[in-house]
Amino acid sequence: MGWPGSVHDGRVFANSYLKANLERLLNSIPSSPMATKASPTSHETQHENVPAFILADSAYPSTSRVVPTFKNHQCSTRDIRKLNAKLAGIRYSVENAFGICKGRFRLLNRPLECAKDDVVKASYLITAIFVLHNFLIDEDDETPVTPVEDSVEDDDEENEGGIEQAHDDEIKTRDILLRHIYWRNS
């Protein structure tokens, strides 16, 4: 959406409307209570609220509203690997859906000219494409879709590209999700 292809995703996100308004935009979505345990060996069940969040790759900081997968070197326990597999699986499903949409609607394979002048119009266009895509799925459309090969980013990137670091005193949603895995495995 107007950034050169060599600019890191983190820099684009750090300077985006979404990042600047993330708290306000996600506040309208209710949090979900989740059973958790403080540690794998804890016997006490508690309940914590998980706020609405955006799933990201491991190059992004873990915050209350951005949940990245763990970096490969952080996957030291079975519980962390299990949570990472769940988070990565969701990300891959979303990326697969984008690949299918790019194969079906080829205009997504190049920069949207309308985005230079009108970002709202570009977002309406993308939303319309997603609605049409879902309609075609519901109608069991058999038109062959040429898949588009996208490179999935390396999930073990270090923080780069202007991504802000999370504050240590902030409650990180990823940590709550990990405590939920502790509870599920008990």
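Reply: Leaving out residues up to four places away in sequence, Asn49 touches Ser31, Ser32, Pro33 and Ile176, where contact means heavy atoms within 4.5 Å. The model is a predicted one, in which local features need a pLDDT of at least 70 and side-chain atom pairs count only at pLDDT 80 or more, while totals for chains, interfaces and linings use all residues. Residues are numbered from 1 along each chain as its sequence is written, and side-chain values use heavy atoms, with hydrogens and water left out.

Asn49 belongs to strand β2. Helices (H or I, at least four residues) and strands (E, at least two) are DSSP runs, numbered from the N terminus. Between Asn49 and Pro30 there are 9.4 Å from C-alpha to C-alpha, at a separation of 19 residues in sequence.

The partner of Glu48 is Arg179, and their closest N and O atoms are 2.7 Å apart; a salt bridge is a side-chain nitrogen of Lys or Arg within 4 Å of a carboxyl oxygen of Asp or Glu. Because Arg179 lies in helix α7 and Glu48 in strand β2 (residues 45–50), the pair ties together parts that are 131 residues apart in sequence. Glu48 has a relative accessibility of 17% and therefore counts as buried, a term that means under 20% relative accessible area, with exposed meaning over 50% and partly exposed the range in between (1.4 Å probe, protein chains only).

Helix α7 (residues 173–184) contains Arg174 as well. Arg174 has a relative accessible area of 11% and so is buried. Despite being buried, Arg174 has no salt bridge, and the nearest side chain of opposite charge, that of Asp175, is 4.8 Å away. For charge, Lys and Arg count as positive and Asp and Glu as negative, whereas His and the chain ends are not counted. Beyond its neighbours within four places in sequence, Arg174 is in contact with Ser62, Val67, Pro68, Thr69, Phe70, Gln74 and Leu83. Of these, Thr69 is 105 residues from Arg174 in sequence, yet their C-alpha atoms are 8.3 Å apart.

The structure holds four salt bridges. Another of them joins the side chains of Arg65 and Glu23, at 3.0 Å from N to O. Since Arg65 lies in the loop between β3 (54–56) and β4 (66–68) and Glu23 in helix α3 (residues 22–27), this pair ties together parts that are 42 residues apart in sequence. With 8% relative accessibility, Arg65 counts as buried, whereas Glu23, at a relative accessible area of 41%, is partly exposed.

A further salt bridge joins Arg104 and Asp141, at 3.3 Å from N to O. This pair links distant parts of the chain, with Arg104 in helix α4 (residues 78–104) and Asp141 in the loop between α6 (119–138) and α7, 37 residues apart. Asp141 counts as partly exposed, at 28% relative accessibility. The loop between α6 and α7 also includes Asp140, which is exposed with a relative accessible area of 57%. Asp140 has a positive phi of about 55 degrees although it is not a glycine. Most residues other than glycine have a negative phi.

The wider chain gives the setting. It has seven helices and four strands, in the order α-α-α-β-β-β-β-α-α-α-α from the N terminus. Of its 186 residues, 35% are buried. Among contacts between residues at least 6 apart in sequence, 64% join residues at least 24 apart.

Confidence should be kept in view. The average pLDDT of the chain is 80, and 84% of the residues score at least 70; pLDDT is the predictor's confidence in each residue, from 0 to 100. Over residues 151–159 pLDDT stays under 50, and the model has 27 contacts for them beyond four places in sequence. Where pLDDT is low, the predicted coordinates should not be read in detail.
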